[in-house]
Amino acid sequence: TQSTWGDNFVQKSIAIYPRLNMFEKVVVIDCRGHLLGRVASIVAKELLNGQKIVAVRTEEMDISGSLFRNKLKFMAFLNKRMNTNPRRGPIHYRSPARMFWRTVRGMLPHKTPRGAAALERLKVFEGIPHPYDKVKRMVIPDALTVLRIKPGRHTTLLGDLAQNVGWKHQELVKKLEAKRKVKSAAFYQRKKALMKLKTKATQNAASSLTTVNQNLATLGF
């Protein structure tokens with residue numbers, strides 16, 4: 001009975017906590033439209049498991065609650081400092097990427113060698129810089145705002161909160177992202193045209209390749 005209960009517990013645990021496809025070389029996560037805390041908890045677990053993760057577009061992450069409420073909470077956080085020498089900490093990061101990095105750090109045992117090594121596997125960015133603009137980006141369904149927040153509830157963009165507490169690069173990131181989207185759209189149109197040509201060429205050569213395809217099929221290709 002004991003072994004059966006243990007087996008059932010393992011199966012349920014795997015079902016409740018679905019993981020990313022381990023071990024990709026690097027997983028690039030597009031944080032747009034994700035909830036900050038939920039992404040951070042999943043990312044922290046994967047980092048401890050050995051996965052390298054890059055988080056892009058962190059300025060477009062969401063936090064539950066209105067901007068006014070989150071700004072009040074952040075101002076209260078700014079009051080937490082060392083009385084004799086504030087430079088010793090805590091350090092209050094203003095950029096969205098570092099805010100997310102700090103959230104993940106809080107979910108890791110970062111003062112141990114294992115936790116420090118896990119934190120080294122994480123990279124965070126505002127926008128989508130080169131070379132990650134040409135890499136397939138993933139989403140985390142368990143952390144999507146539209147699936148986790150009830151319609152009509154207030155949410156805050158991390159970039160808006162950061163700008164209200166001292167981050168000075170929101171407009172610059174928006175300008176760079178607009179340029180990237182133009183290039184990305186042009187690349188996608190070229191890709192579609194090439195795929196269309198490839199499909200047409202395959203159809204035209206289908207009759208002459210019938211024997212070759214049959215031979216390949218017998219070999220398991």
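1. Apart from its neighbours within four places in sequence, His34 touches Val39, Met61, Asp62, Val139, Ile140, Ala143, Leu144 and Thr145. These contacts belong to a predicted model, and the points below should be read with that in mind.

2. His34 sits in a loop, with β1 (27-30) on one side and α2 (36-48) on the other. Is His34 buried or exposed? Its relative accessibility is 0%, so His34 counts as buried, the cut-off being under 20%.

3. Two polar contacts involve the side chain of His34. At 2.9 Å, this side chain reaches the backbone nitrogen of Ile140. A polar atom of the His34 side chain also lies 3.4 Å from the backbone oxygen of Asp30. Ile140 is also among the residues in the contact list of His34.

4. For the overall layout, the protein has nine helices and five strands. Starting at the N terminus, their order is α-β-α-β-β-α-α-α-β-α-β-α-α-α. Of the contacts between residues at least 6 apart in sequence, 80% join residues at least 24 apart.

5. On burial and surface: the protein has 221 residues, and 29% of them are buried.

6. How many aromatic pairs does a search of the whole structure find? The search gives three. One of the aromatic pairs is Phe74 with Phe77, which is edge-to-face, with 5.5 Å from centre to centre and 75° between the planes. Both residues belong to helix α3 (residues 67-78) and are three residues apart, about one turn of the helix. Phe74 has 9% relative accessibility and therefore counts as buried, whereas Phe77, with a relative accessible area of 21%, is partly exposed.

7. Phe125 and Tyr132 form another aromatic pair, this one tilted, with 5.6 Å centre to centre and 40° between the planes. The angle explains the label, because planes under 30 degrees apart count as stacked and those over 60 as edge-to-face, with the rest tilted. Phe125 counts as partly exposed at 25% relative accessibility; Tyr132, at 14%, counts as buried.

8. Which rings does the charged end of Arg98 sit over? One is the ring of Tyr93, whose centre is 4.9 Å away from that charged end. Another is the ring of Trp101, with its centre 4.2 Å from the charged end of Arg98.

Key: Residues are numbered from 1 along each chain as its sequence is written. This is a predicted model: local features need pLDDT of at least 70, side-chain atom pairs count only at pLDDT 80 or more; totals for chains, interfaces and linings use all residues. Side-chain values use heavy atoms; hydrogens and water are left out. Helices (H or I, at least four residues) and strands (E, at least two) are DSSP runs, numbered from the N terminus. Buried means under 20% relative accessible area, exposed over 50%, partly exposed in between (1.4 Å probe, protein chains only). Contact means heavy atoms within 4.5 Å. A polar contact is a pair of N or O atoms within 3.5 Å; within protein, one must be able to donate a hydrogen and the other to accept it, and residues adjacent in sequence count only if both atoms are side-chain atoms. Rings of Phe, Tyr and Trp (its six-membered ring) pair if their centres lie within 6.5 Å; planes under 30 degrees apart count as stacked, over 60 as edge-to-face and the rest as tilted. A charge sits over a ring if NZ of Lys or CZ of Arg is within 6 Å of the ring centre and within 35 degrees of the ring normal.
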